[in-house]
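Let's take a walk through a protein chain together. Keep the sequence and the 3D view open side by side as you read.

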Amino acid sequence: ARLTSLLDGNSSFAYTKGGVPEFGRGSMDHKFPVSVGLNVRKYLAPRLGIETGLVYSYLSSQAEIEGAFNYRYRQRLHYLGIPLTVNYSVFDRGRFDIYFSGGAMAEFALSARGTTELYKDRAFVSSETRKIAADGALWSVNLGLGVGFDLVDHFGIYVEPAVSYYFENKRQPASYRTQNPWNVNLGVGFRYKF
C-alpha cells in the first residue's frame, strides 16, 4: 500500500513484500557528492588542450521514518565517469597554469545499494541491504575555471571549480545530482600532460 504524509505531508514510501519500506524520491536527504579524478591532457596548440580520464564519485542519501518502529535508510552510490573536456590556458608560467574548461561527462554506476535499518525503542532490530537499479549513463555538461600545478615535468595536481548540468535519466536512482540538475562542484585530482 502507498502511504503519504509522514511528517510534512509530502514525503512518501511504500512497503515491500517483506514489510520493509521503500523510500520515495521526495523523502530523502541527499548529501553533496564527492569526486576525485585522474586526467590526461593533450595539447593541440600552445594554449589549447583536450582532456579525458577517469573520475570517481560517491553520492549518499538518507531518510528516516519515525513511529512505533523507526526505519533509517542510507543509500550509497559509486560512479565512474569518463570526461571529455577542452581547456584553454589564460596564464601558463613554468609549473603554474590557470585555464578555462568546458565539456561533457558520462558516468556509470559501479555500485548502487540501499540499507534499511529497523529500530524499536532506540534498540536495533534488523537491517537489510538491497541493490538499486542504476541503468545507462548519467550525462552532464560542464564549464569551469581551473588551477594546475606541475609537481614534476608533465605531471601535477589540479583544482577546478565548475558548474555542471546533469541530464535526466529516470533509470538512475534518486541522488543529489538527479534532484539538483545544476551543480556547482569542486574537482580535485591528478593530471598528466603531453
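Helices (H or I, at least four residues) and strands (E, at least two) are DSSP runs, numbered from the N terminus. What you're looking at is a predicted model, where local features need pLDDT of at least 70 and side-chain atom pairs count only at pLDDT 80 or more, while totals for chains, interfaces and linings use all residues. Residues are numbered from 1 along each chain as its sequence is written, and side-chain values use heavy atoms, with hydrogens and water left out.

Start with the big picture. The chain has 12 strands and one helix. Read from the N terminus, the order of elements is β-β-β-β-β-β-β-β-β-β-β-α-β. Of the 194 residues in the chain, 39% are buried, meaning under 20% relative accessible area; exposed means over 50%, and partly exposed is in between (1.4 Å probe, protein chains only). Now think about contacts, that is, heavy atoms within 4.5 Å. Take those between residues at least 6 apart in sequence: 61% of them join residues at least 24 apart.

How do the strands line up? Two strands pair if DSSP finds at least two bridges between them. Have a look at E12 (182-193). E12 pairs with strand E5 (residues 34-43) in the parallel sense, over six bridges, and Val40 has Tyr192 of E12 as its bridge partner. E12 also pairs with E11, this time in the antiparallel sense and over 11 bridges.

Next, zoom in on Gln75, which sits in strand E7 (residues 70-93). Is Gln75 buried or exposed? Its relative accessibility is 3%, so Gln75 counts as buried. The side chain of Gln75 makes a polar contact of 3.4 Å with the side chain of Tyr73. (A polar contact is a pair of N or O atoms within 3.5 Å; within protein, one must be able to donate a hydrogen and the other to accept it, and residues adjacent in sequence count only if both atoms are side-chain atoms.) If you set aside neighbours within four places in sequence, Gln75 still touches several residues, among them Met28, Leu59, Arg113, Ile132 and Pro173.

For a contrast, hop over to the loop between strand E8 (96-120) and strand E9 (123-131), where you'll find Asp121. Asp121 isn't a glycine, yet it has a positive phi of about 50°. With a relative accessible area of 65%, Asp121 is exposed. Arg122 lies in the loop between E8 and E9 too, and its phi is near 70°, again a positive value in a residue other than glycine. Arg122 counts as exposed because its relative accessibility is 79%.

On a 1 Å grid over the protein atoms alone, a cavity is a set of points where a 1.4 Å probe fits but cannot get out, and lining residues have an atom within 4 Å of a point. Grid points are joined across faces, edges and corners, and a volume is the space filled by probe spheres set on the points. A search of the whole structure turns up one cavity of 30 Å³ or more. The largest cavity holds about 40 Å³ of space. Which residues line the largest cavity? They are Asp97, Gly148, Phe149, Asp150, Gly156, Ile157, Arg191 and Lys193. Strand E10 (138-152) gives the most to this lining, with three residues.

Terms used
1 Å grid on protein atoms, 1.4 Å probe; cavity = no way out; pocket = protein on both sides within 12 Å on 5 of 7 lines; lining within 4 Å.
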